[in-house]
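Hi everyone, thanks for coming. Please have a look at the chain on the screen, and then I'll walk you through a few of its features.

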Amino acid sequence: MDQSLLVFTTVAEQKNFTRAAELLHMTQPAVSNYIQTLEKNMGIKLLERTNKYVRLSKAGEIVFHHAKDILGLYTRMERLIDDLKHTASGPLSIGASYTFGEYILPHKIASLLKSYPLLNPIITIKNSNEIIDLIKKHEVDVGIIEGEANNENIKVIPFALDELSITVPSNHHLAEQKEIDPLSLNLETWLVREEGSGTREMQEKGFKQLGFSPKKYMTFGSTQVIKESIEAGLGISILSHASIKNELELGKVKLLDINGFPISRNFSLITPRVEFYTKAIEIFIESLVIE
């Protein structure tokens, strides 16, 4: 590995030579020497530094972007070689959307670790668009999103069906009705996820199916908060069955019986388009796709 690239990216991320030296277990003069050598080789200043700040120059931004890719590929190569010598072990970086990551993934990981206890899963939970960005930047090994990803550099494997229904408090006045006029729901306060969320995309699809766009709505960055808000009587929502399993069993919420629902989507596994996967990634993919 080019040690100067590692030193450079660490300084750029920390914006401080002293903190970078501590993280790298080096002296500050050694860190400065690596940076100077890299700048000399590049023939241009990569960092703008004063007594108050350290920040990337325009050239530094270009080098930083590519250095992160190079370091990521080098680490991946090391892990692939290590896989040839050992059983599946070590870090497995997984990015997952909120619904799958919060309500399904923990059980999958627990099951996987029973067979492969030397694995070290590192979990990142964000909305689907953010997980796609992490995959594109090679910042996670594998991602799980709601729906699809349209990018030629990403491999997409739909592996499970998820259903979503209109979810209301258990004491809601429509909870026991068998025939519900969809337009009457336009008077309700709707609790929706933020833009970029796979659940928000399906909620918008649901509104089109109902024939209206909500006049009153509240936006939340987490399905868990939406569930709590439904129980508190703040409004109603369209939520994944996977996310409200416990609440349904406990009778805290109910699903409306309305024509056209539930609506469905895929959970999809995404990875960068690469020729080889580490053994850890292969095992994780098999645990999801082959059931």
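Predicted model: local features only at pLDDT ≥ 70, side-chain atom pairs only at ≥ 80, totals over all residues.

Residues are numbered from 1 along each chain as its sequence is written, and side-chain values use heavy atoms, with hydrogens and water left out.

So, the overall picture. The chain has eleven helices and eleven strands.

Of the 291 residues, 45% count as buried. Here buried means under 20% relative accessible area, exposed means over 50%, and partly exposed is in between, using a 1.4 Å probe and protein chains only. Now the contacts, meaning heavy atoms within 4.5 Å. Among contacts in the chain with a separation of 6 or more, 73% are between residues 24 or more positions apart.

Next, helix packing. Two packed helices are described by the angle between their axes and the distance between the axes. The axes are lines fitted to C-alpha atoms, for helices over the stretch in contact, and the angles run from 0 to 180 degrees between N-to-C directions.

Let's take α1, residues 3-14, and α2, residues 17-24: their axes come within 8 Å and cross at roughly 130°. That makes α1 oblique to α2. For the labels, under 35 degrees is roughly parallel, over 145 is roughly antiparallel, 65 to 115 is roughly perpendicular, and the rest is oblique. Which residues make the contact? From α1 we have Leu6, Val7, Thr10, Val11 and Gln14, and from α2 Phe17, Arg19, Ala20, Leu23 and Leu24. By class, that contact of α1 with α2 has seven nonpolar, two polar and one charged residues. Nonpolar here covers Ala, Val, Leu, Ile, Met, Phe, Trp, Tyr, Cys and Pro; charged covers Asp, Glu, Lys and Arg; the others, Gly among them, are polar.

Moving along, α2 also packs with α3, at an angle of about 105° and with the axes 9 Å apart. That makes α2 roughly perpendicular to α3. Here Phe17, Thr18 and Ala21 in α2 meet Gln28, Val31, Ser32 and Ile35 in α3. This contact has four nonpolar, three polar and no charged residues.

One more pair: α6 (residues 105-115) and α11 (residues 279-289) pack at about 120°, with axes 11 Å apart. They are therefore oblique to each other. Leu105, Lys108, Ile109 and Leu112 in α6 meet Ile283, Phe284, Ser287 and Leu288 in α11. By class, that is six nonpolar, one polar and one charged residues.

Finally, some single residues. Lysine 15, in the loop between α1 and α2, has a positive phi of about 55° although it is not a glycine. Lysine 15 is exposed, with a relative accessible area of 53%. Histidine 25 sits in the loop between α2 and α3, and its phi is also positive, near 60°. Is histidine 25 buried or exposed? Histidine 25 is exposed, at 75% relative accessible area.

Now find lysine 252, in the loop between α10 (245-249) and β10 (253-255). Lysine 252 is partly exposed, at 39%, and touches Pro169, Ser170, Glu231 and Glu247, not counting residues up to four places away in sequence. Lysine 252 and histidine 25 are 53 Å apart in space, C-alpha to C-alpha, and 227 residues apart in sequence.

Last stop: a cis peptide bond joins phenylalanine 261 and proline 262, with omega about 5°. Proline 262 lies in the loop between β10 and β11 (263-272).

Conventions:
Helix = DSSP H or I, 4+ residues; strand = E, 2+ residues; numbered from the N terminus.
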